[in-house]
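Student: I have a structure open and want to learn how to read it. Where do we begin?

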Amino acid sequence: MSERPIVDVAVGVLVERDAQGREGRFLLTSRPLGKVYAGYWEFPGGKLEKGETVAQALARELHEELGITIGAAHPWQELVMDYEHARVRLHFCKVYEWTGEFEMREQQAMAWQTLPVQVQPVLPGTIPVLDWFAAERGFTGATYTVAMNCLDEVKWDADGLVPVIAQEQSSGDVLMFAWMNREALQRTIELGEAVYWSRSRQRLWHKGEESGHVQKVHELRMDCDNDVLLMRITQQGHEPGGPGIACHTGRHSCFYQRLESGAWVATEPVLKDPKQIYSK
């Protein structure tokens, strides 16, 4: 777990409601130039100052950034995000009432959105909020669009594939190696879950489709030659809070064999019998 101190941030989820109280469009703003993740879209807000409550910080930040005065801030969800520049605890509050004209005082942009969100790129800390909206509203499918020109920068091999390494975000453990084609990478980006290309079955393989051991993708990286991908994931499977199962042998990692005195020795336990995993 990260040792970095947590920065508390108040986030305003401004939502329009109709006469019957049903929720509709919500507001996203872009991060201004000069800030980390400039141009990415997020829900507006900012850091808590010393002695401030979440509601007080949110009212101040939205007035400073957007020029509006908000009504009640309704606590909704909390989320801790580990970014490279900071570890933040996001306090999401729904806001239904505000007064004043919107002013983009930091030269940012604003956009009222519904699911799926059309503005892009979306800040990683915003994606879970869209999932929460989808769950509340019974929405299925991708919650946001992704610019897929990033796929053109990958150096696909002669078979149209690229090797992918899956690394556990929390521990740093290397869990598995697999392949993706263009469609698999696109589906991975859209779903936020690992989708590979199975060379043996010659089809897309949504990791966990049989076992239930889904890989939640937190970050995708590409190497300096653009021909290898690294995914930082959370591996599901096994007991809650325990290590996930990535390997079809029922182990945490596929790399469980270590060379010792000229022989390959299994060094990780079987967490669950494969016969039970694939008994469906």
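Tutor: Begin with two terms. Helices (H or I, at least four residues) and strands (E, at least two) are DSSP runs, numbered from the N terminus. Two strands pair if DSSP finds at least two bridges between them. Now the background. This is a predicted model: local features need pLDDT of at least 70, side-chain atom pairs count only at pLDDT 80 or more, and totals for chains, interfaces and linings use all residues. Residues are numbered from 1 along each chain as its sequence is written, and side-chain values use heavy atoms, with hydrogens and water left out.

Student: Which residues lie in the hairpin formed by S12 and S13, and what is the phi of Gln202?

Tutor: Strand S12 (residues 195-198) and strand S13 (residues 203-206) pair in the antiparallel sense over four bridges. Ser198 has Arg203 as its bridge partner in S13. Four residues sit between the two strands of this hairpin, and Gln202 in the turn has a positive phi of about 55°.

Student: Which strands pair with S7?

Tutor: In general, the side chains of a regular strand alternate between the two faces of the sheet. Here, S1 and S7 run parallel, paired over nine bridges. Val7 has Val88 as its bridge partner in S7. S6 and S7 are antiparallel, joined by nine bridges. A hairpin of four residues connects S6 to S7.

Student: What do the buried residues of H2 pack against?

Tutor: Packing rests on contact, which means heavy atoms within 4.5 Å. The buried residues of helix H2 (127-137) are Val129, Leu130, Trp132, Phe133 and Ala134. They pack against strand S1 (6-17), strand S2 (23-30), strand S6 (73-82) and strand S7 (87-95). After H2 comes Gly138, with a positive phi near 70°.

Student: Where is Glu153?

Tutor: Glu153 is in the loop between H2 and strand S10 (161-168). Leaving out residues up to four places away in sequence, Glu153 touches Met222 and Asn226. Glu153 and Leu90 are 63 residues apart in sequence and 33 Å apart in space, C-alpha to C-alpha.

Student: How many disulfides does the structure hold?

Tutor: A disulfide is a covalent bond between the sulfur atoms of two cysteines. The cut-off is a pair of cysteine sulfur atoms within 2.5 Å. The structure holds zero disulfides. Take Cys254: its sulfur is 3.9 Å from the closest cysteine sulfur, in Cys247, which is too far for a bond. Cys254 is partly exposed, at 30% relative accessibility. Cys93 is buried, at 4%.

Student: What lines the second largest pocket?

Tutor: Rolling a probe the size of a water molecule over the atoms shows where empty space is left. On a 1 Å grid over the protein atoms alone, using a 1.4 Å probe, a pocket is an open set of points with protein on both sides within 12 Å along at least five of seven lines; lining residues have an atom within 4 Å of a point. The second largest pocket is lined by 31 residues, with Val9, Arg31, Glu42, Gly45 and Gly46 nearest its centre. S1 gives the largest share of that lining, four residues.

Definitions and conventions:
Buried < 20%, exposed > 50% of the residue type's maximum accessible area, 1.4 Å probe, protein only.
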